Amino acid sequence: MIPHLDLLTKEAIHSKLSERFRDDTIMSLKDLPLPQKLKNLSEIAKKIAQAIHQNQKIVVVGDYDVDGVVSCAILYEFFKKLHYKIEIEIPNRFSDGYGLSSTIIARLDCDMIITVDNGINAIEAAKICQERGIELIITDHHTPQEELPEALICNPKLSNDFPEPEICGACVAWYLCAALKDEMKLKVQMVEFLDLLALAIVSDVMPLRGINRVLLKKGLEVLRQSQRIALIHLREHFSKYNLDAQLISYYIAPLLNCAGRMEHALLSYRFLVTDKFSESKQYLKKLLDLNAKRKSLQNTIYEEAKEMFLAQKNSQELPFVLVFKNLGTKGLLALLLRD
């Protein structure tokens, strides 16, 4: 017999959802905290403005996931509006490892490095930058350790006056551009970058309250109308779906992430920033091919892991079996199966 269930009315559902945001003080774009609320961001903006005035060479070092790639894209597009050339460097997962490292710095010839979505624990890298006379600016959102790198750092988790510590790296990068806009008294509409930022907020699974909720809501509006060639092509490719957070989470994010997991995240970055129609089409085709390979590889590993698990399941009483397979240049993939 099916137990009795109390059905919720539309009014009850609306009431429960409203409770979730009852304590939110940031409900619209006008409520967003100013860039100055992020610790060191005003000083960082002054440093970057000075580097621009002195025509110094600036390199932005990102991460190989969607958040890092979008962070790089936002800075590239912002500096493009300034008509100031910067270089973008994204580590190769397989040869460089994560974040700013000695390997990355060794191949850079620059006056200033700005990290986005990484760097908060790059203590050795900061020492190398000091030795080489490179100004290091770290913008990150990951949890800081007790020891911090010797550099100028902006991280919401180190900013007591900032109301929301859980924002993604691309959001910190967006705020950096806003601070630079204020410092240089530029006429740039920061809302123009929210289509890109929306991708990162969803992909990095940020809590959808306060700042994140407001930026994502507006970002989706901008994304649906965006004239960026990459986003036009994504809308065309996924035209049978509603363009919402679910589409980003289940389809677009894995597509953009697959480049960094299978080959190099620069492919996704170039796809997002190219202004050439045919080039964008080629990048998208390559991403779709890589994503298909990623799915196939994932399914193969799952089936192999399942066989190994079943072989162990009956012979030993184990709460779980950890199965792994060395894929050479593709690194080590692991799967945890529970009974």
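1. A salt bridge is counted where a side-chain nitrogen of Lys or Arg lies within 4 Å of a carboxyl oxygen of Asp or Glu. In this predicted model, Asp 195 and Arg 228 form such a pair, their closest N and O atoms being 2.8 Å apart. The pair links distant parts of the chain, 33 residues apart: Asp 195 belongs to helix α7 (residues 194–203), whereas Arg 228 sits in the loop between α8 (210–225) and α9 (229–237).

2. Asp 195 and Arg 228 are both buried. Salt bridges with shared partners also bring in Glu 77, so that Glu 77, Asp 195 and Arg 228 form one network.

3. The structure holds 18 salt bridges. One of them joins the side chains of Lys 57 and Glu 87, at 3.1 Å from N to O. Lys 57 lies in the loop between α2 (41–53) and β1 (58–61) and Glu 87 in strand β2 (residues 87–89), so this contact ties together parts that are 30 residues apart in sequence.

4. Lys 57 counts as partly exposed, with a relative accessibility of 32%. Glu 87 is likewise partly exposed, at 35%.

5. Strand β2 also contains Glu 89, whose side chain meets that of Arg 107 in a salt bridge of 2.7 Å, N to O. Arg 107 is placed in the loop between α4 (102–106) and β3 (112–116), and the pair links distant parts of the chain, 18 residues apart.

6. Glu 89 has a relative accessible area of 16%; because buried means under 20%, Glu 89 falls in that class.

Note on methods. Residues are numbered from 1 along each chain as its sequence is written. This is a predicted model: local features need pLDDT of at least 70, side-chain atom pairs count only at pLDDT 80 or more; totals for chains, interfaces and linings use all residues. Side-chain values use heavy atoms; hydrogens and water are left out. Helices (H or I, at least four residues) and strands (E, at least two) are DSSP runs, numbered from the N terminus. Buried means under 20% relative accessible area, exposed over 50%, partly exposed in between (1.4 Å probe, protein chains only).
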